[in-house]
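The sequence and the structure are shown first, and the text then moves from single residues to the whole chain.

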Amino acid sequence: MGTKSALVQTERVYDVPTRYREVVLTVSKKEILVGLLVNIWRSIPEGIRFPLLRLVQRNKPVNRWLMFRHAEMKDRANGKWDHLPPTEMRYRVGGSPDAEEFVKIGKTCANDIQAALQQVGRDLSSFDRILDFGCGCGRTLMHMKELAPNSQFDGIDIDAKAIAWCERNLNFANFSLSKETPPIDYPPNTFDCIYVISVFTHLDEDYQFRWLEELQRIAKPGALVVLTVNAAKNGQGFFFERSYEEGLFPVWYQNTYHSSDYVFENFGKYFEVLKHLPRSMNAHQDVVVLRKR
Ligand SMILES: C[S@@+](CC[C@H](N)C(=O)[O-])C[C@H]1O[C@@H](n2cnc3c(N)ncnc32)[C@H](O)[C@@H]1O
């Protein structure tokens, strides 16, 4: 007993000053850098400083860059988000680099897919092979294994960086790269469930019909497809709007809106439309449940 407490005391004596010195050094380096930046900023005349700030705010790429670095600092301070994709990838699927939001929305989407399937009497775990079409960096897919532990999952997207991240980090699923237009590399009648979250919300009518035909080809007879659309806009059945941020996606990728009548009439040419559920994906997009005839 006596020897043990003597040892502890010796450790304390040497430990504290060493750690203390490390802390002092780290803080002072950071302080020097911050002080330098503040001095440079102050040396700029006020008349130039504020127009400069406004210019940075208006420049979307610079603004985005600053937003990503800020989110990374938050992640590092939080210390529990190492398993998530980088901030830029998170932003591309949801318009926000925030880690908590990314996890929360992904979980909600997974549960909302399950809820939509249950409305037609099915459970995710009852499918053998499930495709996440337009999986991005796996925001929804990363929560799916819990809901269907024995199903085989595939993910596909046109975003090569996101697919590479998924391949490295989500080892329960198979991933492949998609193309702007069909076909993709799956044989006919491959999947008994396909879900498509916030992809048909970005395609023009021509691409939409081509992809509906392709999804019909790779779905097994009787397969279910859960797909989301934005609710109708401007009183039109289908409304296409050039509104997406430049430089973030290809030019054909914009925003679209669908009425329920339009979905029943047009999606019904490719699949049987079982349900149209307003605002049922993350309380935002409409959910459409389709069945291959
Ligand atoms: C708004 S994000 C949603 C991503 C994911 N579904 C989610 O909910 O997190 C839309 C995704 O669709 C993908 N996408 C667009 N066109 C595609 C296509 N032809 N084939 C596969 N993915 C596509 C985009 O690259 C992007 O990752």
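R279 has 11 C-beta neighbours inside 10 Å, so R279 counts as exposed. The cut-offs are these: a residue is buried if 20 or more other C-beta atoms lie within 10 Å of its own, exposed if 12 or fewer, and partly exposed in between, with C-beta atoms placed from the backbone. This is a predicted model, in which local features need pLDDT of at least 70, side-chain atom pairs count only at pLDDT 80 or more, and totals for chains, interfaces and linings use all residues. Residues are numbered from 1 along each chain as its sequence is written.

**Backbone features**

R279 is placed in strand β8 (residues 272–281). Helices (H or I, at least four residues) and strands (E, at least two) are DSSP runs, numbered from the N terminus. Although R279 is not a glycine, its phi is positive, at about 50°. N189, also not a glycine, has a positive phi of about 55°. Most residues other than glycine have a negative phi, and most peptide bonds are trans. N189 belongs to the loop between β3 and β4, and its 13 C-beta neighbours inside 10 Å make N189 partly exposed. P183 is found in the loop between β3 (173–177) and β4 (191–196). The peptide bond from P182 to P183 is cis, with omega near 10°.

**Burial of selected residues**

| Residue | C-beta neighbours within 10 Å | Class |
|---|---|---|
| M144 | 26 | buried |
| N189 | 13 | partly exposed |
| R279 | 11 | exposed |

M144 sits in helix α6 (residues 144–147). Leaving out residues up to four places away in sequence, M144 touches A110 and F153; two residues are in contact if their C-beta atoms, placed from the backbone, lie within 7 Å. M144 and I113 are 31 residues apart along the chain, and their C-alpha atoms are separated by 9.7 Å. R64 is part of helix α3 (residues 60–78). Between the C-alpha atoms of R64 and F264, 200 residues apart along the chain, the separation is 39 Å.

**Core and an open helix**

The largest nonpolar core has 57 residues, and I194, V196, V225 and V226 have the most contacts inside it. Such a core is a set of buried Ala, Val, Leu, Ile, Met, Phe, Trp, Tyr and Cys residues joined through C-beta atoms within 7 Å. Beyond residues up to four places away in sequence, V226 touches I113, A116, L117, Y195, V287 and V289. In soluble globular proteins, nonpolar side chains tend to be buried together.

How many of the 13 residues of α2 are buried? The number is 0, so α2 lies largely in the open.

**The chain as a whole**

The protein chain has 9 helices and 9 strands. Its radius of gyration is 25 Å, well over the 19 Å that the globule rule gives for 293 residues, so the chain is more spread out than a compact globule. The radius is taken over C-alpha atoms, and the rule is 2.2 Å times the number of residues to the power 0.38. Along its principal axes the C-alpha trace spans about 75 × 70 × 30 Å. Of the 293 residues, 29% count as buried.

**Around the ligand**

The ligand is surrounded by 16 residues, of which the closest are G134, G136, R139, S178 and I197.

Technical notes:
Near = placed C-beta within 6 Å.
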